[in-house]
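Biologist: Could you walk me through this model while I look at it on my screen? I'd like to begin with the sheet and then move on to the helices.

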Amino acid sequence: MIVQETRIKTRSGHQAVSRHVLSGAKNEAIRLIAGSDYLLKDWMKEARRENIRYGLRHIAFNPSEPMNDGQLAHFAQQICLELGADPDRMTLVIHQKDGGAHGHLLLPEWQDDHVLSSKFTWQRLEKIARLEELRLGHTLVPGLLQRL
């Protein structure tokens, strides 16, 4: 499973990422599993209030083998646990494209009393992806190497 993370700057706002995940024209179907556009906007307001450089964390994940919405949601919750994010404070969107599904997880950087951990996130996300592939019996797919 390929997992990619992007941190969205507070000054950029939520609109671009929201348009991408909630209304991407190239998708056959878009399923909102949790969260909303309103929450993305609200989380950006919280980040501005707390004077935090990044307001949202966008984590896209693309399995190489089919996964249903429940399995994709479970993977998103595992990411939340790994990063110290509240799973009840996530926006999760599933895109159906070319016969396969991939997910977009958006998390607020500000988690009511702390900022999400950003230490070694690439390695941590890779670990979660490999563990999920093992749990599901999928072929292990090494992720894309990050540039240093």
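Modeller: Before the sheet itself, a definition: two strands pair if DSSP finds at least two bridges between them, and strands (E, at least two residues) and helices (H or I, at least four) are DSSP runs numbered from the N terminus. Please keep in mind that this is a predicted model, in which local features need pLDDT of at least 70 and side-chain atom pairs count only at pLDDT 80 or more, while totals for chains, interfaces and linings use all residues. Residues are numbered from 1 along each chain as its sequence is written, and side-chain values use heavy atoms, with hydrogens and water left out.

Biologist: Fine. In what order do the strands of the sheet come?

Modeller: The sheet is open and has five strands, ordered β1-β3-β5-β4-β2, with antiparallel pairing. Because β1 and β2 (29–34) stand at the edges with a single partner strand each, one side of each has no neighbour in the sheet. From one strand to the next the twist averages 20°, where axes are lines fitted to C-alpha atoms (for helices over the stretch in contact) and angles run from 0 to 180 degrees between N-to-C directions.

Biologist: How many bridges join β2 to β4?

Modeller: Five bridges join these two antiparallel strands; Arg31 stands opposite Ile94 in β4, and Ile30 has His95 as its bridge partner.

Biologist: And on the β5 side of β4?

Modeller: There, β4 and β5 run antiparallel and are joined by seven bridges, with Gly100 in β5 as the bridge partner of Lys97. Their hairpin has two residues between the strands, and Asp98 takes a positive phi near 50° in it. As for burial (under 20% relative accessible area is buried, over 50% exposed, in between partly exposed, with a 1.4 Å probe and protein chains only), six of the seven residues of β4 are buried.

Biologist: Switching to helices, which strands does α3 touch?

Modeller: Helix α3 (residues 69–83) packs on the sheet and touches β1, β2, β3, β4 and β5, its direction making about 135° with that of β3; contact here means heavy atoms within 4.5 Å. Helix α4 (residues 121–136) lies across β1 and β3, running at about 140° to β1.

Biologist: What about α2, which of its residues are buried?

Modeller: They are Leu40, Trp43, Met44, Glu46 and Ala47. Seen down the axis of α2, these fall within an arc of 155°, so they line one face of the helix; the arc is taken from the directions from the helix axis to the C-beta atoms. The face turned away from that buried side carries the exposed residues Tyr38 and Arg49.

Biologist: What do the buried ones pack against?

Modeller: The buried residues of α2 pack against β1 (2–9), α1 (15–23), β3 (54–62), β4 (91–97) and β5 (100–108).

Biologist: One last thing: is Ser18 buried or exposed?

Modeller: Ser18, which lies in helix α1, counts as buried because its relative accessibility is 7%. Its side chain makes a polar contact with the side chain of Asp37 (2.4 Å), a polar contact being a pair of N or O atoms within 3.5 Å, where within protein one must be able to donate a hydrogen and the other to accept it, and residues adjacent in sequence count only if both atoms are side-chain atoms.
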